[in-house]
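The tour goes from one selection to the next.

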Amino acid sequence: MTKIHFIINPISGKGKHNIDYNYLRAFFQEEEYDLKVAFSKYKKHAISLTESAIEAGADIVVACGGDGTIHEVATQIVGKDIFFGIIPVGSGNGLASNLSIPKDIEQAILKIKTGRILKMDVGSVNGEYFFSNMGFGIDATIIESYEKSGKHKLVSYIRAALNSALQYRTKKMKVSYNGISKEVNPLLLFISNSNEMGYNITLTPKASLTDGLLDYVMVPKINFIKQLTFGLYVLLKKTETFRKTDYVQTQKIEVEVLDQKKNGLQLDGEFYEFKTNSFQIEVKEGALKVIC
């Protein structure tokens with residue numbers, strides 16, 4: 001019998017979904033599946049719920065929520081002989097989209113039963129995992145502003161981006177990769193494992209979840225007009241052709257934020273603060289067994 005545990009964020013997608021034990025039981029027959037359901041109640045609660053599912057011997061753990069819930073659940077499954085499922089009910093759903101997991105809840109549930117297993121790469125920054133992307137620059141500021149708005153809509157994200165473009169102050173950094181070291185003053189320093197951020201937006205159209213590489217994008221400090229121009233390149237999915245862009249694919253990147261002891265980053269669209277200025281970023285090949 002397959003032990004399958006669902007970690008559900010009840011407020012994802014404005015709480016409009018109706019995923020609960022009774023709803024799921026209709027898809028997972030009692031004679032085949034030992035079904036367990038748990039609901040997250042606060043940020044990072046899904047981490048402890050996943051730990052409990054692992055201790056209970058789960059064969060499959062499914063995250064039902066947005067990018068934040070997916071991130072929290074997946075971090076606990078990396079490197080383990082457990083299959084990871086996703087039912088995307090959030091706003092951005094970048095990783096789910098990259099994995100071609102349907103937004104329709106019933107279709108996503110059926111994927112859990114019939115989908116193939118993909119051994120996907122996982123990014124790591126100072127031992128903390130990311131699955132889609134991470135960033136040190138204006139994207140982290142945008143995410144912080146977006147979270148503070150309390151409104152998880154595309155228009156809120158665009159408003160946060162425009163406000164950040166006007167207010168953002170760059171930080172000098174030293175970056176090392178592929179035997180090269182350089183000092184940069186980035187508007188954007190973005191490292192991606194996936195070719196989609198959510199809302200069908202990408203900064204790294206060449207990225208792949210299975211190539212054993214991370215995609216590094218750095219755009220230096222530029223004026224507001226050029227920022228708007230870069231935004232057009234993003235919409236056209238041609239970021240690497242923007243004249244001032246560094247775009248590199250590599251396995252390991254070191255970043256030192258100069259003269260800054262604490263630093264805010266975005267990891268998979270969530271804002272985190274680190275009490276350090278030195279970061280080791282690398283890829284773990286095929287470290288997560290995801291159903292897609």
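Two strands pair if DSSP finds at least two bridges between them; strands (E, at least two residues) and helices (H or I, at least four) are DSSP runs numbered from the N terminus. This is a predicted model, where local features need pLDDT of at least 70, side-chain atom pairs count only at pLDDT 80 or more, and totals for chains, interfaces and linings use all residues. Residues are numbered from 1 along each chain as its sequence is written, and side-chain values use heavy atoms, with hydrogens and water left out.

Select strand 10, residues 186-192. It is joined to strand 11 (residues 214-220) by 6 bridges, and the two run antiparallel. Leu 189 stands opposite Met 218 in strand 11. Strand 10 also pairs with strand 7 (residues 133-135), again antiparallel, over 3 bridges; here Ile 191 is opposite Met 134.

Next, select Thr 50 in helix 2, residues 45-55. Thr 50 counts as buried because its relative accessibility is 0%. Leaving out residues up to four places away in sequence, Thr 50 touches Ile 7, Val 61, Val 73, Gln 76 and Ile 77 (contact means heavy atoms within 4.5 Å).

Now select Ile 87. Beyond its neighbours within four places in sequence, Ile 87 is in contact with residues including Phe 6, Ile 19, Val 62 and Ile 109.

Technical notes:
Buried < 20%, exposed > 50% of the residue type's maximum accessible area, 1.4 Å probe, protein only.
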